[in-house]
Amino acid sequence: MTRAVWVSAFLALVAAPAPAQRPHRPHRSGLWGEFGGGPGRLRVACSGCNSVVLSSGSTSYIRIGGTVSDHVLIGVEAFSLLDRGFGFVSGDSGSTENGTIALIVIWFPGRTGLFVKGGVGLAGGQFTLPSSPTTADTSNGLGTGMTFGAGWDWSISRRFAFTVNVAAYVTAVGDVVLPSRRVDDVIATMYQGSIGFSFR
Amino acid sequence: MAVAQVVGINTFVNRVDALVFQGTWARSGTRAWSRNLRLGWEWDEDAFTTNMFAHPYHGGLYFNAGRSNGLDYFEAVPLAFFGSWSWENFGETYRPSLNDWFMTSFGGIALGEVFHRVSSTIRNNRSRGRSRTLKELAALPFDPIGGFNRLVRGEWKAIGPNPPEHDPGAYMLRLGAGVRYARQLVADSGLNSIGAFQLDFLYGDQVAQEYRAPFDVFGVRLILSSNGGFNVLRASGRLYATDLNDRAKRARHVLAVNQRYDYMKNRAQSVGGQSVEIGINSRWPIGNNGYGIRTAIFGDAILLGAIDAPATGLGERNYDFGPGVGARWEFGVDRNGARFVRVFGQLEYIHAVSGAAADHTVDFSGIEANIPIGRSLGLSASSTVFHRNSRYSPTLKDVRDYPEARLLLIWTKAGPKP
């Protein structure tokens, strides 16, 4: 059943009228918004660490903005990655949520739905590790981050589109300080593949 | 072509480092590339000047590979990020450094555009002979990639129209030489007097000039001292501006978004960073002889800043990296754009994300007076205080003040009245 839904969705996307058939319409105009989600990959590096920690999680994002020109959009993006099985070392069973709130610029180089994205803004990271079977310690970090990515708008009507994205988020969130562990100068890099829905 | 030149810059620099300077760190190959891509970003331990000036200058080469191949400011921005990213991942055996990527990219964009416009102002496509060659040579240190491209295309001799950047409209160049009296500028050594050279360059006028393109208006301050050499380089260019009232009104108010590059380094203090600010520039004319009062009030976001911190604890590095926020204000009196008196203040907060677990507050304020004693000559007297408060833990604080007075003989050249 699930597969049938996905196949139907895919066929709907493929069958959607190509933007090239409407060459004179801007990709997005006026106020636009977009939200979506998908799988993500997290890589945590730190000062003095010999290796990096890799894990997977789920991501979600929301973007809203305006248009600078037919090809250039500007907006704000909130992104987060949640991993409920995170650990700094093997055996840890904690969780982490990392995210950014960034000013982004989206550029459509041509008349197709292809776009590239770049942005910079605030980054935050929360790391929770259990200190006992019933309690957990949490460390929050705040810092800076950059994001880069690419995507494709598939028009489904004049006002709406499905949007696929691949993106990377590089965030620096400072030290993770927990009673049981200290991890200095954390850099969390996140990779995201997502499907979103845009109104434009 | 621009992308190929960015790759060419990285390949050339890497090969020179590996073959001429015998740097083992430059002997990267597929194994180092794979490791760098797999392990990703870290913070490096380079010296303050390397990270905060040399890398932004290098980033300016990438950016100007785009500018000198016909790309505009925004089209050249991705080249700075791409050039730095590819160097960090493929140009060195070291793991890629996140602070390098920030500083090379954002700093390279700011310095690159300033250098692109300064070199365009120096060059003159209508000039001929020896004067033309000297101008091309003088522009070379600012924009070597642009100079190289012009040489290859035969534009060092070709006669033709100048690009729009050649003419800034209103401008002011002020050179000063004299003495700085500074307390604790040489660490723990009390009051010192040191020789100083100062350059101020205003390209365009924030209030009088309608917005045309990023950095159509910018300002640069450079200070060299007999103690420590290269002390200060600050550049701020507007990315966007819009009038807040009718341009026909005498009193003018302009909303502006500026990109800033800050570098301040001496033996006692190191502060710098890449930031973006938004605020209002205003001018109220006084009488009809060109005099006016100028004010500016801005809030800023520091994308990544750096400040010296004894407790950094990261190898040989003695400064922290972190983002922050701040604000600045300025009140001044000018005549036709040239400031006579400036009173200013700037407050910045940096939250360290690499180095000591610290929060730093920096307060820089002062007064500056320029007194004409001839058509172009004058005296400049200024007094500033740099105050910093670093909190490393609830009980460990580091509070320092650096008062300074400056007395300079100045020479001013100003362009058309704004």
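Predicted model: local features only at pLDDT ≥ 70, side-chain atom pairs only at ≥ 80, totals over all residues.
Local features need pLDDT of at least 70 and side-chain atom pairs count only at pLDDT 80 or more, while totals for chains, interfaces and linings use all residues. Residues are numbered from 1 along each chain as its sequence is written, and chains are lettered from A and ligands numbered from 1 in the order in which they are written.

Biologist: Which pattern does chain A follow along the sequence?

Modeller: Helices (H or I, at least four residues) and strands (E, at least two) are DSSP runs, numbered from the N terminus. Chain A has 1 helix and 8 strands. Read along the sequence, the pattern is α-β-β-β-β-β-β-β-β.

Biologist: Which residue of strand 8 of chain A is the bridge partner of A:Phe160?

Modeller: Strand 7 (residues 160-178) and strand 8 (residues 181-199) of chain A run antiparallel and are joined by 17 bridges. In strand 8 of chain A, the partner of A:Phe160 is A:Phe199.

Biologist: What percentage of the residues in chain A is buried?

Modeller: A residue is buried if 20 or more other C-beta atoms lie within 10 Å of its own, exposed if 12 or fewer, and partly exposed in between, with C-beta atoms placed from the backbone. Chain A has 200 residues, and the buried share of them is 40%.

Biologist: Which strand of chain A gives the largest share of the side that touches chain B?

Modeller: Residues are in contact if their C-beta atoms, placed from the backbone, lie within 7 Å; the contact takes 16 residues from chain A and 15 residues from chain B. On the side of chain A, strand 1 (32-45), strand 6 (136-155), strand 7 and strand 8 each supply at least two residues. The largest share, 5 residues, comes from strand 7.

Biologist: Which helix gives the most to the side of domain 1 of chain B that touches domain 2 of chain B?

Modeller: Domain bounds come from an automatic or database domain assignment, which gives domain 1 (2-152) and domain 2 (169-414) in chain B. The centres of these domains, taken over C-alpha atoms, are separated by 26 Å, and 19 residues of domain 1 are in contact with 26 residues of domain 2. Helix 3 (48-67) and helix 5 of chain B each supply at least two residues of the domain 1 side. The most, 10 residues, comes from helix 5.

Biologist: Is the crossing of helix 4 and helix 5 of chain B left-handed or right-handed?

Modeller: Helix 4 (residues 73-91) and helix 5 (residues 98-122) of chain B pack at an angle of about 145 degrees, with their axes 9 Å apart. A crossing is left-handed if the near helix is turned anticlockwise from the far one by less than a right angle, and right-handed if clockwise. The crossing of helix 4 and helix 5 of chain B is right-handed.

Biologist: At roughly what angle do helix 3 and helix 7 of chain B cross?

Modeller: In helix 7 (residues 144-152) of chain B, B:Ile145, B:Gly146, B:Gly147 and B:Arg150 are buried. These buried residues pack against helix 1 (2-20), helix 3, helix 5 and helix 6 (129-139) of chain B. The axes of helix 3 and helix 7 come within 8 Å, and the crossing is at roughly 35 degrees.

How values were computed
Pairing = 2+ DSSP bridges. Axes fitted to C-alpha atoms, helices over the stretch in contact; angles between N-to-C directions. Contact = placed C-beta atoms within 7 Å.
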